[in-house]
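Q: Please take me through the model shown below, beginning with the pairing of strands.

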Amino acid sequence: MADLRVVTALRLEALAVGGAVTVVGAGRERAAAWRPDLDGRRDDVAVGVVGVAGALQEDLQPGDLVVATELRTIDGKFQRRLPHGILLAGELRRNGLSARTGTVASAPTFVPRARRRALAGNGAVAVDMESAWLAGALADRPVAVIRSIADTIEHGPVRGGLRALASLRRTRSVLEAWARALGRRQVVLAAPRSFCAGVERAIEIVERALERSKAPVYVRRQIVHNAHVVRDLESKGAVFVEEISEVPDGATVVLAAHGVSRAVREEAARRGDLTVIDATCPLVAKVHHEARRYAERGHQIVLVGHGDHEEVIGTMGEVPGRIRLVESVDDVEALDLAPDEPVAYLTQTTLATDETAEVIAALQERYPRLVGPSADDICYATQNRQDAVRAVARRCDLMLVVGSENSSNTLRLVEVANRQGCRAELIEDVSQLQLSWLNGARTVGITAGASAPDALVHETVEVLAALGDTSVTEHRTTQETVRFALPAQVR
Ligand code: SF4
């Protein structure tokens, strides 16, 4: 936790921010000459630089906020990265403001709108006349920079100025939250985490299909449950559709990793003209195979899983009408099967192992002749990620679980950490990390669901490290060596 000092160039900006503000005056000379009077304190004072700026991107409007993740002078002589800007921007957005991150360039004189395109070409988002020199005076002291757009590429500052000042009024509370989150911290990375063999295989299938096809490659539903993966594949040319009927004649279509029902595969085959590549994870395909085998042998099948998950929909559709779904012990009690009926059970691959054990025990008690797979079908990757979280969460004040809300194995990681008595929060990426979670969190664990890229974990670590001295260690519970062969069409 650090004390916050807010610095602006203009008195008007100071009035907009409110509270105690140091006004240094406008322009490079005044900013460069400023020497912070911080009573000799080094580590427990953080400085928020706040003010108006000119837009360098067409879509920025008056009152939009830009939080610097990098600061530089336009001659490139001064440069400083501020990765934590992504956290402040996230907080501002959650407070209903339009905020983005990027490079704020500082120019010695006012940059007319006609010259701004050249600056934008260097990747900067906004331009001001003070931030870089103020940050230069602060050496490595914590600094955050929030600029409010007054002057867009289309409109002059007179029209935008009032809106810019109105947005500044709402920045102080976010800067205060940032200052409270500063401090020394330990980060413990759970391992294994992130991509499993089934997800790597599915992504590689789409990438190889794209390399080999001149036309777009279609993917039915999210190839894996992660928005970043989907966006990345879209940028490479994949087209995501909801149903096979949306795939044009003669195209290549990839079926997603969590599997589809028999009806979907049959619909694709009936088209006759589609090249269908099945990216169903072999461990999910194994559950489908078991479902067919039990059905052929005359068993009623009980599937332990979550009804809204696509894997479950796919497995239930493998032998339609023969599978009953249970999500809890209560559901087991409500089953309409007689105790002497031949009953077999299967499990969704991405459940929490401790919860599943309870449901299976209830099934065994109710159906003494119950049969099931030799081990439950919870896959190695789900099991390993949960074991690692269990080991790490005990030591942590906060566990960050990187992944998407529709990823079952990711949600289970949050639950596993909670059951260890650790606060756990799901984040799609670091922009969703709320500063208040870090208050008092001296040891932060991080894991990622099987469909979340590990790059998102590294980005989170980088941002946490920008909040103070940070030691990073990894706690590995096992090595993973599983690899799945690719389908013949893309080998
Ligand atoms: S989590 Fe398990 S079942 Fe799901 S894709 Fe990965 S390896 Fe396959």
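Q: How many bridges join β14 to β16?
A: Strand β14 is joined to strand β16 (residues 343-347) by five bridges, and the two run parallel. Strands here are DSSP runs of E of at least two residues, helices are runs of H or I of at least four residues, and both are numbered from the N terminus. Two strands pair if DSSP finds at least two bridges between them.

Q: Before we continue, what kind of model is this?
A: The model is predicted; local features need pLDDT of at least 70 and side-chain atom pairs count only at pLDDT 80 or more, while totals for chains, interfaces and linings use all residues. Residues are numbered from 1 along each chain as its sequence is written.

Q: How many residues of β14 are buried?
A: Four of the five residues of β14 (300-304) are buried, so the strand is mostly covered. A residue is buried if 20 or more other C-beta atoms lie within 10 Å of its own, exposed if 12 or fewer, and partly exposed in between, with C-beta atoms placed from the backbone.

Q: Which residues is Val254 in contact with?
A: Apart from neighbours within four places in sequence, Val254 is in contact with Ile205, Val206, Ala209, Val217, Val219, Ile223, Ile277 and Ala279. Contact requires C-beta atoms, placed from the backbone, within 7 Å of each other.

Q: Which residues touch the most other members of the largest nonpolar core?
A: They are Val206, Ile223 and Val254, in a core of 151 residues. Strand β3 (residues 45-55) gives the most to this core, with seven residues. A nonpolar core is a set of buried Ala, Val, Leu, Ile, Met, Phe, Trp, Tyr and Cys residues joined through C-beta atoms within 7 Å. In soluble globular proteins, nonpolar side chains tend to be buried together.

Q: Changing topic, which residues are closest to the ligand?
A: The closest are Cys196, Gly198, Cys281, Thr349 and Cys379, among 15 residues that surround the ligand. A residue is counted as near if its C-beta atom, placed from the backbone, lies within 6 Å of the molecule.

Q: Which element gives the largest share of that shell?
A: Helix α8 does, with three residues. The elements giving two or more residues are α8 (197-212), α11 (282-296) and α15 (380-393). By type, the shell holds 10 nonpolar, five polar and no charged residues. Here Ala, Val, Leu, Ile, Met, Phe, Trp, Tyr, Cys and Pro count as nonpolar, Asp, Glu, Lys and Arg as charged, and the others, Gly among them, as polar.

Q: Where is Pro192 found?
A: Pro192 is in the loop between β9 (185-191) and α8. A cis peptide bond joins Ala191 to Pro192, with omega about 5°. Ser194 lies in the loop between β9 and α8 too, and has a positive phi of about 65° although it is not a glycine. Most residues other than glycine have a negative phi, and most peptide bonds are trans.

Q: Is Ser194 buried or exposed?
A: Ser194 counts as buried because it has 25 C-beta neighbours inside 10 Å. Arg221, in the loop between β10 (217-220) and α9 (227-235), also has a positive phi of about 65°. Arg221 counts as partly exposed, because it has 19 such neighbours inside 10 Å.

Q: Finally, what does the domain assignment give?
A: It gives domain 1 (3-181), domain 2 (185-193 + 380-476), domain 3 (197-279 + 484-490) and domain 4 (283-366), with bounds from an automatic or database assignment. The centres of domain 1 and domain 3, taken over C-alpha atoms, are 44 Å apart.

Terms used: Two residues are in contact if their C-beta atoms, placed from the backbone, lie within 7 Å.
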